[in-house]
Amino acid sequence: MSQPRVLIIQDISASCRISMNVAVPVVSCLDNWVSILPTALLSTHTGKEFEGYTFLDLTQEMGGILQHWQSLGIEFDGILIGYLGSRQQIDIVRGIIQTFAAEDAHIVLDPAMGDQGVLYPGFTLEYVDEMAALCNEATVITPNVTEACFLTKRPMLKKPYKEAEVAELLADLRVLNPKSVILTGVALEMETIGAVCVSQNEPEAHYAFAKHFPGHYDGAGDLFTSVIAGLLFQDLPLTVATETAVHYNSRVIERTLKSGRELHYGVQFETDLPYLIDQLRKYKPVE
Ligand code: PXL
C-alpha cells in the first residue's frame, strides 16, 4: 500500500517535547509521509514555569506556504490539527481542509486550548466558540475534559468523574462532531485514567484505561492525539487507536517519572516508539 501523505498543523515549542516536536516522530514512525505547517515558533511552551518565552506568530507565512502548495496541486490523505495561535488561524485551517483534503481524508482535530479546569494563556471564550464551530469540519475530535466542558458550555467536572457525567459530556460533544469523538483524561476512579471513544459506526461508548500517575504532564495530550492520528491515517479502527494511545501514554509517563527529569519540558516518548510500531504491525504487517 502506498503511504498516506499527511499534514501536521501546530506550533513548534522549540525546546519542549510537546506539539510539533512529538507529533512528527510519532506520525512518521507509524509509516505516514509527513508535511508540516507550523503555526508559531516559541522558545518553550506557555506554561507558568517558563517566564519570558518568545512567540513568533507565523500566520502570514502560512498564507504564502499554502499558496505555493496549491500551485503544486498537493493533496493530503490526513490532517492533524493541534495548538493554533489565533482565531485567524482557525479560519485558515477551515480553508486548508476545503482545499487540501483528499476525499475520505481523516481530519483529526485536537482543540488544544486548556487543561486542569482552565484555558491556556492567551485563549478567550470567543476562541472557544470558533473552535466549537471548527469541530464539525473534522472527522474526529480529541478534547480533554477541560476543553470538552468549555466547548459544550458545561460546568467543569471534578475527578473522579461519574460515568453519567461523562456520558452527558460525550452526547454534547457529538452534537459538535457527529462523526467521531475521543474524550481524554477520563478518570472514573483515582487508580486508572484513560479515554472514551464513540463514532457513527460504533455508537456505544468504548472506554480504555491504564494506570493513573497523578500529576500534570505537559505534552501528554499532544502525544495522545499524535498516536490517534498516526493510526487512523493507517485506517486502523478508532477503538484500537484509542486503546493504543492510552497504553502508550501510560508507559511514557511512567518512564518520564522514573527518569527524574523536569516534567515541564515534556515527556520521554522516544524510548517507547517501538511499542507503537509493534501495535501497528499487528494489524498491518510490512508488505
Ligand atoms: O501542549 C499543548 C501546548 C502546545 N503548544 C503550546 C502550549 C501548549 C500548552 O501549554 O503552550 C505553545
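**Figure 1. Gly185 in strand β9 of the predicted model.** Gly185 is found in strand β9, which covers residues 180-189; helices (H or I, at least four residues) and strands (E, at least two) are DSSP runs, numbered from the N terminus. The model is predicted, so local features need pLDDT of at least 70 and side-chain atom pairs count only at pLDDT 80 or more, whereas totals for chains, interfaces and linings use all residues. Residues are numbered from 1 along each chain as its sequence is written, and side-chain values use heavy atoms, with hydrogens and water left out. With a relative accessible area of 26%, Gly185 is partly exposed; buried means under 20% relative accessible area, exposed over 50%, and partly exposed in between (1.4 Å probe, protein chains only). Not counting residues up to four places away in sequence, Gly185 touches Val145, Lys159, Tyr161, Ile193 and Gly194, where contact means heavy atoms within 4.5 Å. Gly230 lies 45 residues from Gly185 along the chain, and their C-alpha atoms are separated by 19 Å.

**Figure 2. Gln89 in helix α3.** Helix α3, residues 87-100, contains Gln89. The relative accessible area of Gln89 is 0%, so this residue is buried. Beyond residues up to four places away in sequence, Gln89 touches Thr39, Asp57, Leu58, Thr59, Met62 and Leu84.

**Figure 3. Helix α1 and its packing.** In helix α1 (residues 19-29), the buried residues are Ser19, Met20, Val22, Ala23, Val26, Val27 and Cys29. An α-helix has 3.6 residues a turn, so residues three or four places apart point the same way. The strands against which the buried residues of α1 pack include β1 (5-13), β2 (33-42) and β4 (76-81). Their helical partners include α7 (220-233), α8 (238-259) and α9 (273-283). After α1 comes Asp31, which has a positive phi near 70°.

**Figure 4. Arg281 in helix α9.** Helix α9 holds Arg281, which counts as partly exposed at 25% relative accessibility. Apart from neighbours within four places in sequence, Arg281 is in contact with Asp31 and Val286. Between Arg281 and His206, 75 residues apart in sequence, the C-alpha to C-alpha distance is 22 Å.

**Figure 5. Ala164 in helix α6.** Ala164 lies in helix α6, residues 163-176. This residue is exposed, with a relative accessible area of 53%. The C-alpha atoms of Ala164 and Glu126 are separated by 29 Å, at 38 residues apart along the chain.

**Figure 6. The second largest pocket.** The second largest pocket holds about 290 Å³ of space. Its lining comprises 14 residues, and the closest to its centre are Thr139, Ser180, Ser199, Asn201 and Leu238. On a 1 Å grid over the protein atoms alone, a pocket is an open set of points where a 1.4 Å probe fits, with protein on both sides within 12 Å along at least five of seven lines; lining residues have an atom within 4 Å of a point. Grid points are joined across faces, edges and corners, and the volume is the space filled by probe spheres set on the points. By class, five lining residues are nonpolar, six polar and three charged; Ala, Val, Leu, Ile, Met, Phe, Trp, Tyr, Cys and Pro count as nonpolar, Asp, Glu, Lys and Arg as charged, and the others, Gly among them, as polar.
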